[in-house]
Amino acid sequence: MTYREALRLALAEELEHDPRVFLMGEEVGQFEGAYKVSAGLMDRFGADRVRDTPISEEGFVGAGVGAAMLGERPVVEIMTLNFLLVAMDQVINHAAKIGAMFGGMVRCPMVIRTPNGAGAQLTAQHSQSFDQWFASTPGLKVVAPANPRDAKGLLKAAIRDEDPVLVIENLPIYKEKGEVPLDPDFTTPIGLADVPRKGSDLTLISHSFATKRCLDVAEDLAESHGLDIEVVDLRSLRPLDVETVAASVSKTSRAVCVEEGWPTYGVTAEIAARIGKACFDDLDAPVERVGMAEVPMPYAKNLETAALPGADRIAEAVLETLEGSR
């Protein structure tokens, strides 16, 4: 099934599993979601549990925080991560802090799910990756599934979690297909990275859509250069599975970190720092980073493509890292 269908299956299963779960957001009901993730759910579960909201992100994210504090399990859809900036106070200053500020006596088990990413010529205000902004916040868990299996598993784990979880999806992979377990109790643990490709020459570390690019690059370099590249999919940005990353880099001695966001103060900066501390004696080359160009996303297709960390830039970073270590 597709990534989009896997998310829908997760929502349907959790609505069935727990009567406290409900969805809300702009157009999630009658219009079935801006990207049709919630198609058919209002008809199946009713308007009380699949609720359309006004265009008021701060208002309905705040309503989700309040509902979660009272024991409900809200799943709030934000049409794009860019619009979540309007509700940053509710996310960062309230949802993320409630558990600590109430000494654990009140929790905030809410999910915010929203698409992220670029590649569709949606210009500078709608093509941004702010993963690192949210992942730097204590009290907030952040996951970013890269395939349909994890889209289902991580969303279900997020809904069942006692803390607020931001599920960052990705526009270009809504149509991607993959095998998805149909077991209604299947979940993907939050905070556990995956190693979808084993290798011994170098480790590519990424998350979300960039993981797909890394896997493609690894296959291409195997054919063109005979290289054996390992790929680590972070899956969860907070908590971060440093152990799996360190084990891989200690084995290969070389690492290239890839993200779609701006690399300055970005996810790759955090990963590189963690590798530097955990694997200092094992490294044969400096950790390389590949991210978006440090510009607002251009509209023109050729410039948009040039700004993103494409396969050619990732492959170039891999080859330079390997060359520099010999």
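This is a predicted model: local features need pLDDT of at least 70, side-chain atom pairs count only at pLDDT 80 or more; totals for chains, interfaces and linings use all residues.
How do α1 and α8 lie relative to each other: roughly parallel or roughly perpendicular? They are roughly parallel, where that label covers angles under 35 degrees. Residues are numbered from 1 along each chain as its sequence is written, and side-chain values use heavy atoms, with hydrogens and water left out.

**Helix pair**

- The axes of α1 (residues 3–17) and α8 (residues 148–160) come within 8 Å and cross at roughly 30°; axes are lines fitted to C-alpha atoms, for helices over the stretch in contact, and angles run from 0 to 180 degrees between N-to-C directions.
- Helices (H or I, at least four residues) and strands (E, at least two) are DSSP runs, numbered from the N terminus.
- Contact, meaning heavy atoms within 4.5 Å, involves residues of α1 including Leu-7, Leu-11 and Glu-14, and residues of α8 including Ala-151, Leu-155 and Ile-159.
- The residues of this contact divide into 10 nonpolar, one polar and five charged; Ala, Val, Leu, Ile, Met, Phe, Trp, Tyr, Cys and Pro count as nonpolar, Asp, Glu, Lys and Arg as charged, and the others, Gly among them, as polar.

**Five-stranded sheet**

- An open sheet with mixed pairing runs in the order β7-β9-β8-β11-β12; two strands pair if DSSP finds at least two bridges between them.
- β7 (194–197) and β12 (288–290) are the edge strands, each with a single partner, so one side of each has no neighbour in the sheet.
- Neighbouring strands are turned by 25° against each other on average, direction ignored.
- β8 and β9 (residues 229–233) run parallel and are joined by five bridges, and Ser-206 stands opposite Asp-233 in β9.
- α9 packs on this sheet, touching β7, β8, β9 and β11 (255–258), and its direction makes about 170° with that of β9.

**Backbone details**

- Ser-208 has a positive phi of about 55° although it is not a glycine, and lies in the loop between β8 (202–206) and α9 (209–225).
- At 6% relative accessibility, Ser-208 is buried (under 20% relative accessible area, with exposed over 50% and partly exposed in between, 1.4 Å probe, protein chains only).
- Lys-36, with phi near 65°, sits in the loop between β1 (21–25) and α2 (41–45) and is partly exposed at 33%.
- The peptide bond from Arg-238 to Pro-239 is cis, with omega near 5°; Pro-239 belongs to the loop between β10 (236–238) and α10 (242–252).

Conventions
Angles under 35 degrees count as roughly parallel, over 145 as roughly antiparallel, 65 to 115 as roughly perpendicular and the rest as oblique.
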